[in-house]
Amino acid sequence: MAPEAVGSKPTAHPKFSKGKSIAGFPFFYSLVTMIMPDNSTNSSLTDLRDLTLQELTDFIAELGEPRFRARQIFSWLYRPGISSFSEMTNLALAFRTRLEDIARISSLQVDKREEANDGTVKYAFRLADNTLIESVLIPDNGRHTLCVSSQVGCAMGCAFCLTGTMGLRRNLTAAEIVNQVIHTRNELEAKANGKGRINNLVFMGMGEPLANYDNLRRALDILIDDHGLDFSQRRITVSTCGLVPGIEQLGAETKVNLAISLHAANNETRSRLLPINQTYDIAALLEACRAYPLPKRRRIMIEYVLLAGINDSPGDARQLVRILHKLRCKINLLPCNETDDLPFRRPEKAVVEKFQHILQEAGYTAIIRESRGAEISAACGQLANKNNKSINA
Ligand code: SF4
């Protein structure tokens, strides 16, 4: 296990290291850095990482400053290692001091960091209100996928999910979503001498992202802005357990990928596993999927956790083939990740392969996905749930 990084701040990017001659003001820069207080957790100040570029532009305009300042500040906010206004060297000193009085740049504190033998890293981040969320960084052939959380806990109550057992504590702010990406990106870059990068982002951590739509949408704006974190929408996937109105809104307003936690091929089983199915049943969900405006060559990802004796029979596989008819999709089969806290068991390997075979015979791309980082708390909600329980104890 890698050492914990409790309370660590992102490592400064060499280009912006303190004490170097930046923009010709080395002495000023060092002095300002020394006297500026750390306001990053003062919740009475406006967290600039919680604002889209448009919102920041409005904020700056209200201060009577030229609007182009917003773009300057916005691009500073997402550079590696930037944690204070004193580092924004193309802003006048008086303006930087004024910003310190009214605004802040938030960051996340690492409560726990677990690294598996396969390189998967799981983070539990402690938020300002002492709750915990988690993110998982998954390496794969030199590329990295980051799984981010969108809520503290979750109200959806899916029967196979540890996060669901916590209930919903609260929604994450846009800044708390984006800061998961920033912290991990900074750590990767520091480790790989500025060359490590996150290639894909998936909203599959704690929470139902579409139940926190406004903050999700604002976080997406920041993530895809080329002055912000500059992610291609092709590289972002939002996963939902089936909030149909949210799927429609996401499709109308963005071009990100969609993943559906389906997990059953008939309403009876799905309603037992995912209570949301009692509000939006399989027919309504798949209708929304068929209407989702998919760019060419992209497909919806169908997630299907295989639970022994519950949804893993050949009959279930054949039913899945029927209901997915003509849906542009690929299917991820996830053999259940057993835990003492939940009553589900993993199917035999032969059962999983038979299920896959039926889907493939019908022409679907169906991939068996093994849980990464098996020796760490790798299932959704495991690490933060463990820690949230210890907070409450
Ligand atoms: S699977 Fe997702 S939507 Fe369902 S309870 Fe867990 S976090 Fe919530």
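I count a residue as buried if 20 or more other C-beta atoms lie within 10 Å of its own, with C-beta atoms placed from the backbone. On that basis, buried residues make up 41% of the 393 residues in the protein chain. The model I am looking at is predicted.

**Overall.** I looked up the secondary structure and found 13 helices and 14 strands in the protein chain. I then took the contacts between residues at least 6 apart in sequence; 68% of them join residues at least 24 apart.

**The sheet.** I traced an open sheet of ten strands with mixed pairing. Its order is β3-β4-β5-β6-β9-β10-β11-β12-β13-β14. The edges are β3 (109-115) and β14; each has a single partner strand, so one side of each is left without a neighbour in the sheet.

I started with β3 and β4 (residues 121-126), which run antiparallel and are joined by six bridges. Within this pair, Lys112 has Ala124 in β4 as its bridge partner.

**The hairpin.** Next I checked β5 (residues 132-140) against β6 (residues 143-147); the two strands are antiparallel, with five bridges between them. I found Leu137 bridged to Leu146 in β6. β5 and β6 form a hairpin with two residues between them. In the turn, Asn141 has a positive phi of about 50°.

**Across β6.** On moving to β6 and β9 (residues 200-203), I found a parallel pair joined by three bridges. Here Cys147 has Val202 in β9 as its bridge partner.

Ile331 stands opposite Ala366 in β14. I followed the chain from β13 through helix α12 (residues 349-361) to β14; this β-α-β crossover is right-handed.

**Ligand.** Which residues are closest to the ligand? I listed Cys154, Met156, Cys158, Cys161 and Gly164 as the closest of the 13 residues that surround the ligand. I sorted the shell by residue type and got seven nonpolar, five polar and one charged.

**Leu99.** I located Leu99 in helix α4 (residues 93-102). Is Leu99 buried or exposed? Leu99 counts as buried because it has 26 C-beta neighbours inside 10 Å, and the cut-off is 20 or more. I also checked Leu99 against Thr46, 53 residues apart along the chain; their C-alpha atoms are separated by 9.5 Å.

**Positive phi.** Arg297 has a positive phi of about 65° although it is not a glycine. I placed Arg297 in the loop between α10 (282-291) and β12 (300-306). Arg297 counts as exposed because it has 7 C-beta neighbours inside 10 Å, and the limit for exposed is 12 or fewer.

Lys326 also went on the list: its phi is positive, near 65°, and it is a residue other than glycine. I placed Lys326 in the loop between α11 (314-323) and β13. With 7 other C-beta atoms within 10 Å, Lys326 is exposed.

Definitions and conventions. Residues numbered from 1 in each chain as written. Predicted model: local features only at pLDDT ≥ 70, side-chain atom pairs only at ≥ 80, totals over all residues. Helix = DSSP H or I, 4+ residues; strand = E, 2+ residues; numbered from the N terminus. Contact = placed C-beta atoms within 7 Å. Near = placed C-beta within 6 Å. Nonpolar A, V, L, I, M, F, W, Y, C, P; charged D, E, K, R; others polar. Pairing = 2+ DSSP bridges. Right-handed = clockwise from strand over helix to strand, strands pointing away.
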